[in-house]
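User: Hi, I have a structure open and want to get my bearings. Can we walk through it together?
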Amino acid sequence: MLIRPIRDGDTNAVIELWRQCELLRPWNDPVADIRLARNTQSAEIFVGICENDIIAAAIMCGHDGHRGWLYYLAVSPERHRQGLGKMIVAHAEQWLRAQDVPKLELMIRSTNTGVAKFYESIGYKTEPVITMSRWLHQPADLQND
Ligand SMILES: CC(C)(COP(=O)(O)OP(=O)(O)OC[C@H]1O[C@@H](n2cnc3c(N)ncnc32)[C@H](O)[C@@H]1OP(=O)(O)O)[C@@H](O)C(=O)NCCC(=O)NCCS
């Protein structure tokens, strides 16, 4: 698998991969998410290209000046358990390591806890923290929530 930064023509394929991997949520606009990451110097989206130029894996990563973060990790369902997830996470880690980021964090939805086995196998551990959030630009369909 060849890993490179996302390009203009990749957006639809990446969003389709995220859809196949059930990573899309109604309150997240994936086009806006890709645009913001691409417009941010400390963030990047990497794609993994397999034969026939198919995007088989993707990951969004970045840092906030303190910790590195991983988002939207996806491997095409028909290519699971071939080492592609491990490979693209290692690439994101290397990109962040080169920027002196000391530690990475990621969040797993409570409906997707099975994926913790994958992260544990590549060296991640569960932390005793509660994640809290607040919208700064609330999507229109959540205005009354
Ligand atoms: C999580 C995901 C990216 C893993 O990708 P992958 O390419 O299948 O993972 P790898 O082949 O690199 O797996 C490396 C190791 O992780 C472990 N692992 C991977 N998937 C696992 C699973 N479903 N259950 C238990 N262990 C798993 C295994 O130890 C595996 O090594 P092995 O195959 O030699 O036993 C993939 O399952 C995926 O796209 N899931 C849907 C999207 C998602 O949940 N993303 C994460 C959001 S937080």
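Analyst: Here is a short tour, from the whole chain down to single residues.

Analyst: This is a predicted model: local features need pLDDT of at least 70, side-chain atom pairs count only at pLDDT 80 or more, and totals for chains, interfaces and linings use all residues. Residues are numbered from 1 along each chain as its sequence is written, and side-chain values use heavy atoms, with hydrogens and water left out.

User: Good. How many helices and strands does the protein chain have?
Analyst: The protein chain has four helices and five strands. Helices (H or I, at least four residues) and strands (E, at least two) are DSSP runs, numbered from the N terminus.

User: And in what order do the elements run?
Analyst: From the N terminus, the order is β-α-α-β-β-β-α-β-α.

User: What is the radius of gyration, and what would a compact globule have?
Analyst: The protein chain has 15 Å, which agrees with the value near 15 Å for a compact globule of 145 residues. The radius is taken over C-alpha atoms, and the globule rule is 2.2 Å times the number of residues to the power 0.38. Along its principal axes, the C-alpha trace spans about 45 × 35 × 30 Å.

User: What share of the residues is buried?
Analyst: Of the 145 residues, 36% count as buried. Buried means under 20% relative accessible area, exposed means over 50%, and partly exposed is in between (1.4 Å probe, protein chains only).

User: What about the accessible surface of the protein chain?
Analyst: The accessible surface comes to about 9,800 Å², and 51% of that belongs to carbon and sulfur atoms. Areas come from the Shrake-Rupley method with a 1.4 Å probe; for residues, only the protein chains shown count as cover.

User: Now contacts. How many join residues at least 24 apart?
Analyst: Take contacts between residues at least 6 apart in sequence: 62% of them join residues at least 24 apart. Contact means heavy atoms within 4.5 Å.

User: Let's go inside. Which residues of the largest nonpolar core touch the most other members?
Analyst: Ile 59, Leu 70, Ile 88, Val 89 and Tyr 124 do, out of 20 residues in that core. Strand 2 (43–50), strand 3 (54–63), strand 4 (68–75) and helix 3 (84–97) each supply at least two of its residues. Helix 3 gives the most, with five. A nonpolar core is a set of buried Ala, Val, Leu, Ile, Met, Phe, Trp, Tyr and Cys residues joined through side-chain atoms within 4.5 Å.

User: Pick Ile 88. What is Ile 88 in contact with?
Analyst: Leaving aside neighbours within four places in sequence, the contacts of Ile 88 include Met 1, Ile 3, Phe 46, Ile 59 and Leu 73. There is also a second, separate core of 17 residues, with Ile 6, Ile 34, Ala 37 and Ile 49 among them.

User: Change of topic. Where does Arg 79 lie, and is Arg 79 buried or exposed?
Analyst: Arg 79 sits in the loop between strand 4 and helix 3. Arg 79 counts as buried, because its relative accessibility is 16%. Beyond neighbours within four places in sequence, Arg 79 is in contact with Cys 50, Glu 51, Ala 56 and Leu 84.

User: And Gly 83?
Analyst: Gly 83 is in the loop between strand 4 and helix 3. At a relative accessible area of 37%, Gly 83 is partly exposed.

User: What is the phi of Asn 52?
Analyst: Asn 52 has a positive phi of about 60°, although it is not a glycine. Asp 53 also has a positive phi of about 60° and is not a glycine. Most residues other than glycine have a negative phi.

User: Where are those two?
Analyst: Asn 52 lies in the loop between strand 2 and strand 3, and Asp 53 is found in the loop between strand 2 and strand 3. Asn 52 is exposed at 70% relative accessible area, and Asp 53 is exposed at 66%.

User: Last one. What does Pro 5 touch?
Analyst: Not counting residues up to four places away in sequence, Pro 5 touches Asp 10, Glu 44, Ile 45, Phe 46 and Val 47. Pro 5 is in strand 1 (residues 2–5). With 38% relative accessibility, Pro 5 counts as partly exposed.
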